[in-house]
Amino acid sequence: MYKVLIAEDEAIVRLGLKNMLDWESMGMQVTALAGDGEEAWQLYCEGSPDIVITDIRMPRLDGMELIRRIRRMSAGTKIIILTCIDDLTMVQQALEMGATGYILKLTAGIEEVARLLNKAKSALDEERIVQESRGWFDVDAIRQKIWSEYVVERSMGLTEFEEYARKAGLCPEDAPLQLLVFRLPDYERLRDGSDSLIHRRKYIRDVIRNFLAKYPYGECFQHRGGEYGILYGVPEECTPEEAEGLCGEVIQSLAQALYQNVGIRVNCGVSNVEKGYSGLPGMYLRALKNLEEKEGEGLPLRVAQAVRYIQENFHRELSLQSVAEKQGISANYLSHMFTRYLNISFTNYLNNVRVEYSKKLLSDPSLKIYEISGQVGFYSPAYFIRVFKNATGLTPTEYRNGGGHAT
């Protein structure tokens with residue numbers, strides 16, 4: 001199912017185009033709608049659609065600049081132009097940049113739109129076949145895929161991994177290997193700004209690869225949510241003390257390279273040194289555990305990050321699911337971690353944070369109770385009053401009127 005982005009500032013055209021076709025029967029799905037060029041660019045970076053249907057003239061960022069940006073990122077995205085007869089000069093420029101064709105907004109019918117979309121789909125189908133036939137030539141993608149499936153997800157067996165690893169030229173299996181797992185606490189900040197997240201991720205990988213070039217061999221793998229793995233070889237003749245010193249050098253150099261080139265911090269956990277691929281999943285778990293033990297003032301990193309996120313965003317509409325998604329983990333796992341490490345449920349922790357802040361606001365007599373309720377994230381004043389009383393033994397009004405010392 002190919003993903004389609006529609007960018008058009010006229011809502012009637014945008015929605016009409018979305019509703020005029022049976023997209024599913026064509027093997028497509030409209031996954032994003034944008035009302036201007038800047039929004040379209042952000043949605044493109046976040047969703048990587050296969051087909052973009054865009055107007056030429058849009059506010060904030062016109063269609064021509066949107067096409068230029070898309071082409072700098074990808075030569076494979078299929079682009080269809082929405083235009084009026086007066087813009088045919090710009091349409092010609094868009095066709096020269098590889099657009100599949102154009103739709104005249106006032107005259108094109110369903111058949112013409114479907115024809116262009118099927119033309120784009122056929123091109124995508126052909127490119128997919130060619131890409132799949134390349135097989136082993138995309139070595140980086142193979143290394144990433146087998147690493148994720150064998151080490152992180154544990155969905156691939158050792159024998160299959162060894163076969164692929166030899167073909168992909170992974171670190172020699174008979175060499176002593178050590179694994180670093182590190183996370184970028186500032187990863188969410190990478191979503192800010194006009195640069196695409198995909199470009200920034202690639203730049204981070206390039207920085208790491210340049211850093212690894214000074215070692216005999218080393219590999220970098222990207223996991224979910226700003227987590228990376230670095231597998232590198234330890235010289236055979238290294239004593240345990242020398243291996244520990246090498247590990248410290250790698251961590252320090254890595255942190256320095258990322259901070260100087262990307263401006264982000266790094267938290268790192270290390271595994272033991274082992275020979276052979278069979279130990280890699282266990283090395284990953286040990287490095288991950290080591291990382292989580294170091295972070296968050298004694299809390300596992302994911303719990304500490306969730307706590308910090310709640311403290312900074314309690315005034316917003318938060319749920320267990322939304323906070324878990326921000327950390328790249330399941331809601332069930334986050335709920336379990338709160339109970340295990342904080343001895344409190346997620347909901348009760350969130351409510352406590354909101355109640356504590358509301359106490360400060362109650363000292364301002366000009367604020368109404370319902371206003372305070374909204375400012376701390378309770379969108380039902382009645383629910384706020386009930387939660388506040390459960391936590392303090394007093395209603396907000398009783399607390400404000402001098403009962404606060406009795407909590």
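Modeller: Start with the terms. Helices (H or I, at least four residues) and strands (E, at least two) are DSSP runs, numbered from the N terminus. The model is predicted: local features need pLDDT of at least 70, side-chain atom pairs count only at pLDDT 80 or more, and totals for chains, interfaces and linings use all residues. Residues are numbered from 1 along each chain as its sequence is written, and side-chain values use heavy atoms, without hydrogens and water.

Now the open sheet. Its 5 strands follow the order β2-β1-β3-β4-β5, with parallel pairing. Two strands pair if DSSP finds at least two bridges between them. At the edges sit β2 (28-34) and β5 (101-104), each pairing on one side only. On average, neighbouring strands here are turned by 20 degrees against each other, direction ignored. Angles run from 0 to 180 degrees between N-to-C directions, with axes fitted to C-alpha atoms, for helices over the stretch in contact.

Look inside this sheet. Strand β1 (residues 2-7) and strand β3 (residues 51-55) run parallel and are joined by 4 bridges. One partner to find is Ile53 in β3, bridged to Ile6.

Contact means heavy atoms within 4.5 Å. Helix α1 (residues 11-19) lies across β1, β2, β3 and β4 (78-83). Its direction is at about 170 degrees to β2. Helix α2 (residues 37-47) lies across β1, β2 and β3, at about 140 degrees to β2.

Next, go to strand β6 (residues 176-183). This strand is mostly covered, with 8 of its 8 residues buried. Buried means under 20% relative accessible area, exposed over 50%, partly exposed in between (1.4 Å probe, protein chains only). In a regular strand the side chains alternate between the two faces of the sheet. Here Pro176, Gln178, Leu180 and Phe182 point one way from β6. Leu177, Leu179, Val181 and Arg183 point the other way, and all are buried.

Now the partners of β6. Strands of a sheet pair through backbone hydrogen bonds, either parallel or antiparallel. With strand β8 (residues 227-233), β6 pairs in the antiparallel sense over 7 bridges. Leu179 stands opposite Leu231 there in β8. Strand β9 (residues 267-270) also pairs with β6 in the antiparallel sense, over 4 bridges. Arg183 has Asn267 of β9 as its bridge partner. Strand β10 (residues 274-275) and β6 pair in the antiparallel sense over 2 bridges. For Leu177, the partner in β10 is Glu274.
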